[in-house]
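Have the model open alongside as you read.

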Amino acid sequence: MRIITLACSLAALIVASPLSAQTLNVASAGDQNMVDYVKDYLGPMFEKAHPGVKVVSVGTGPGDSGSQKIYEKLDAQKGAATTDFDVVVIHQKAAGQMVKEGLLNKYTANVDTSKLVSSETAKNSLGADVSGYVMPMFQSQTALAYNADMLKNPPANFTELKEWVKKNPKQFGYNGIKGGMSGVAFVAGWVYAFGGDADKLIQGPYDAAEKAKWDKAFAELKEFNKNAVITPGNAGTLDMLNRGEIAMGPVWVDMFYSWQADGKLPPSMKLKLASPGMPGQPMYYAVPEKSAQKKLAEEFIALATSPQVQADGIVKKFNWYPGIDAKNLEGKLDKAAWDKLFTDITPAELAKNGKPFPIAPYFNDILEGYEKKVAN
Amino acid sequence: MSLSQRQLALLLIAPGLALVAALFLYPLCFSLISAFTGPQGGFSLQAFAKAYELYSGDILFTVIIVLASCLLTGLVATIIAGTLTLGENRFIVGTLKALYRWPLFIPFIVAAQCMRTFLAKNGLMNNSFVAMGLMEPLQAMSFLDWRGIIATFVWKQTPFVALLLAGALAALDRATLEAGRNLGASRLRVLVELALPQVMPQLLVALVLSFVTMLSVLSVPMMVAGSQPTMLTVDMAFRINAYGDYSTANALGVITYLISAGAAIIYLKRGMAQEGTR
């Protein structure tokens, strides 16, 4: 027994030695590209400015499940002196919960670039107050991608879309709600369009009676699904668009442009943000309450949200909309790169039809309503 | 103090037992308890009610998919193993021998990704048919639904079953088989009436193992087919990822245990019956 204790303390000593005290652990929920972004781009830049510091990037997987894993780890380490992660990159749904349970540190006042953030989502995350706890890494948006060769006048709103799908069966594809967030976004857009008051769903407060009003919308969606194709995932929708098997489908804007830049989608593909709009969401930078490297973490986030990095890394490299107010990027970005983001969806359209997801309880109601009344 | 034989044996298996307890029994009990716990704590069947309400279709879908895949796997594996043991054309047997094991080395997730481009409407398979003039482009249809899942499962599991079956067939006493051939039975008849009954237990073991494996695969239904309906593994993942709802996910897990227990019971019953006749 004594030997084991000794060995354990020795191991703990090695792990906690001053050498690794300068390690900054960054955990990202999201696709591999976000892990690589920290590993290949932000990390080396930060290490150069802070000699002796090593940035370690880990990924916990795409979608809300990635954030759920980060939440579970922080929750499990609640009683420990420090947690393994120093900076976390999380989705909206988990952020609200983590703030509520005291797992995050109120850090943004210590970071200068937080003054450049103006978006509503930096304060309100699906109805939960997160001001002071998070800074947006980027904003992402869903929209309908369509094949301009097959479709000259894309539907301008969801009612027209419904008609179009009826006339063109199996030409519209989306991934349901279990295959990724673009499908969830489409369903949320559907409820915004046909389920009554969209603003109420986005701003709250929660009223359990509200979901009774969605029955008709869900019944129509069930009917709509008969003429739609349920694709296997976000990438599945893009795959099918690329192979010409469907003419339209909801996708993430950044993924769309990245695929197009890689030549995985033909140039004839275009985007349309049909009214009343579809949801987008930010990913947040946050610092766990028990991070061992709070100061380094803040410096790291300051770098990541600085106008230059937002311009070069977020907009140019990944086609995301910046997390800080876009006007701060002026002069940092050439016009071509900036215009590319707004070719199909104009800034005015984005401002009008780029909606947040509904607040968390409505969000869950929509998902469960879909499972009960559409998928079952 | 000297240890008796018995104590020594216990001591030797202790590390293994501890591992099983910590890594298998503990999580198993944990998930069982969670499945039967209500939101306010205490015993409740609420999670099962929810699982039934939302996923009864998916439960049926899962059972049908896995059973159909097992049947097809058994059939294809029998054909392959039969050809390997009874085949007389050296070229065919040699080629088959070299080829049939390959899918064993391919993980499910890679198989799913391959099938995704292979079985799609404008995928490799349909395009090849069109190029060969066997099919008009307009006749092409997508197999990326339940058929895709079954195709992937059968493709992936057949070599495993065929491997076990071919081994068992090779170990049979050739004399009976050859006696059958000498008396004028066709090769098919020798396989079905003489060889297969003798290796039934091995075939059944292989199929039960395949059944349980297919029941637990997440990547294939996730990547090959859309989500309505889908298999229970996808529902479990969704329950946790979208709602953080472990109770219903665990209830679905318990339902999966029960389905696989069904397979195990059929297998055990058969084993016992055979023990009895000996």
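## Helices 4 and 5 of chain A

In this predicted model, helix 4 (residues 64-76) of chain A packs against helix 5 (residues 92-100) of chain A at about 20°, with the axes 8 Å apart. Axes here are lines fitted to C-alpha atoms, for helices over the stretch in contact, and angles run from 0 to 180 degrees between N-to-C directions.

The crossing is right-handed (near helix turned clockwise from the far one by less than a right angle; left-handed if anticlockwise). On the helix 4 side of chain A you'll find A:D64, A:S67, A:I70, A:Y71 and A:L74, meeting A:K93, A:A94, A:Q97 and A:M98 of helix 5 of chain A; contact means heavy atoms within 4.5 Å. These contact residues split into five nonpolar, two polar and two charged (Ala, Val, Leu, Ile, Met, Phe, Trp, Tyr, Cys and Pro are nonpolar, Asp, Glu, Lys and Arg charged, the others, Gly among them, polar).

## Helices 2 and 3 of chain B

Over in chain B, the axes of helix 2 (residues 46-86) and helix 3 (residues 90-99) come within 9 Å and cross at roughly 130°. That makes helix 2 of chain B oblique to helix 3 of chain B. The crossing is left-handed. B:I80, B:T83 and B:L84 of helix 2 touch B:I92, B:V93, B:L96 and B:K97 of helix 3.

## The second largest pocket

This pocket holds about 840 Å³ of space. Its lining has 33 residues, with A:S119, A:E120, A:T121, A:Q139 and A:G354 closest to the centre. On a 1 Å grid over the protein atoms alone, a pocket is an open set of points with protein on both sides within 12 Å along at least five of seven lines, a cavity is a set where a 1.4 Å probe fits but cannot get out, and lining residues have an atom within 4 Å of a point. Grid points are joined across faces, edges and corners, and volume is the space filled by probe spheres set on them.

Elements of chain A that each supply at least two lining residues include strand 6 (134-147) and helix 15 (347-353). Helices (H or I, at least four residues) and strands (E, at least two) are DSSP runs, numbered from the N terminus.

## Ground rules

Residues are numbered from 1 along each chain as its sequence is written, and chains are lettered from A and ligands numbered from 1 in the order written. Local features need pLDDT of at least 70, side-chain atom pairs count only at pLDDT 80 or more, totals for chains, interfaces and linings use all residues, and side-chain values use heavy atoms, leaving out hydrogens and water.

Note on methods. Parallel < 35°, antiparallel > 145°, perpendicular 65-115°, else oblique.
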